[in-house]
Amino acid sequence: MSALTSRPTAAPTRLDAVNRRRRNTKLGWNLLGLVVFAMTAFPVYWMINTAFKPAKDAIDPHPHFFPLPVSLENFRRALNISDFWGPVERSLIVSASTVVIGAVIGLLAALAISRFAFRGRKVVIVGILTVQMVPLVAMIIPVFLLLNQIHQIDKLSGLVLTYLTFILPFTVWTLRGFIVNIPKELEEAAMVDGCSRTGAFMRVVFPLLAPGLVATSIYGFIQAWNEFLYALLVMSQDHQTATVWLGSFTTQHGTEYAPMMAGSTMMGIPVVILFLLVQRKMAAGLTAGAVKG
């Protein structure tokens, strides 16, 4: 009888141990996620914190974690040290143009690679991967010589062409992954019902692909918006972009860190606004293809 009465108590004990391990594992992952979030968000917080500090507190050897007293002088200094709206406008034009052109060409290329079998298809795929592996620094001289031959130095169109060299392969490869996860049977069913191939794509595939296209475009916009090296090389000081404009705070007398952080904060506002406008589409695009069925 003692053996029979001991069996019911053993099962809940093992179950409790399993649940306890699961809770501890979940807690551990949550703590790890919080640590990663803190490490990622702290530089952004410190940038904003320094932007609202008085200039003398920005170089204080004993920094404060809260900008007290709050000062807007750094933003006035950033707006007055040089033309701010001109570089921002040029960066917006270049980034938006790069994203639009890259999205159109990249979508067509990704559709061709993922839906059509043609000679040299694998070579194209390997070529796209190879281009993404080449460091941007290694292409500076060839790109500069090419732009010089076609008279695109110090022109926004030349900068757009330059950015397409690294954003277009990224766009093609990313969109290819989204298109591959859309079953071909959906297009075939639409074509059986009377749609042309173009109509099937626009009515069936494109709505499913739209979140991935938005996510890819956002990443391409961020790459073009934050690019510094090519903008410094191709554009003159009179036509500099926003990232090069930040170099105005470094002079022979040193670096004005507080106004630079204020300028960096203002530069981040367009990206944040764009992300807030399309966050739902972007979240759907990031999870597209995660569950296959």
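Which residues do ring pairs link into a cluster? In this predicted model, the cluster consists of F84, W85, W245 and F249. Residues are numbered from 1 along each chain as its sequence is written; local features need pLDDT of at least 70, side-chain atom pairs count only at pLDDT 80 or more, and totals for chains, interfaces and linings use all residues. Side-chain values are based on heavy atoms, with hydrogens and water left out.

A pair of aromatic rings is described by the distance of the centres and the angle of the planes. Rings of Phe, Tyr and Trp (its six-membered ring) pair if their centres lie within 6.5 Å; planes under 30 degrees apart count as stacked, over 60 as edge-to-face and the rest as tilted. The structure contains 10 aromatic pairs. One of them joins F42 and Y45, whose ring centres are 6.4 Å apart with planes at 45°, so the pair is tilted. F42 and Y45 are three residues apart in helix 1 (residues 2-51), and about one helical turn therefore separates them. Helices here are DSSP runs (H or I, at least four residues), numbered from the N terminus. F42 has a relative accessible area of 41% and is partly exposed; Y45, at 32%, is also partly exposed. Buried means under 20% relative accessible area, exposed over 50%, and partly exposed in between (1.4 Å probe, protein chains only).

F52 and F75 form a tilted pair, with 5.0 Å from centre to centre and 50° between the planes. This pair links distant parts of the chain, 23 residues apart: F52 lies in the loop between helix 1 and helix 2 (55-58), and F75 in helix 3 (residues 73-81). F52 is partly exposed at 25% relative accessible area, whereas F75 is buried at 15%.

Notes: Helices (H or I, at least four residues) and strands (E, at least two) are DSSP runs, numbered from the N terminus.
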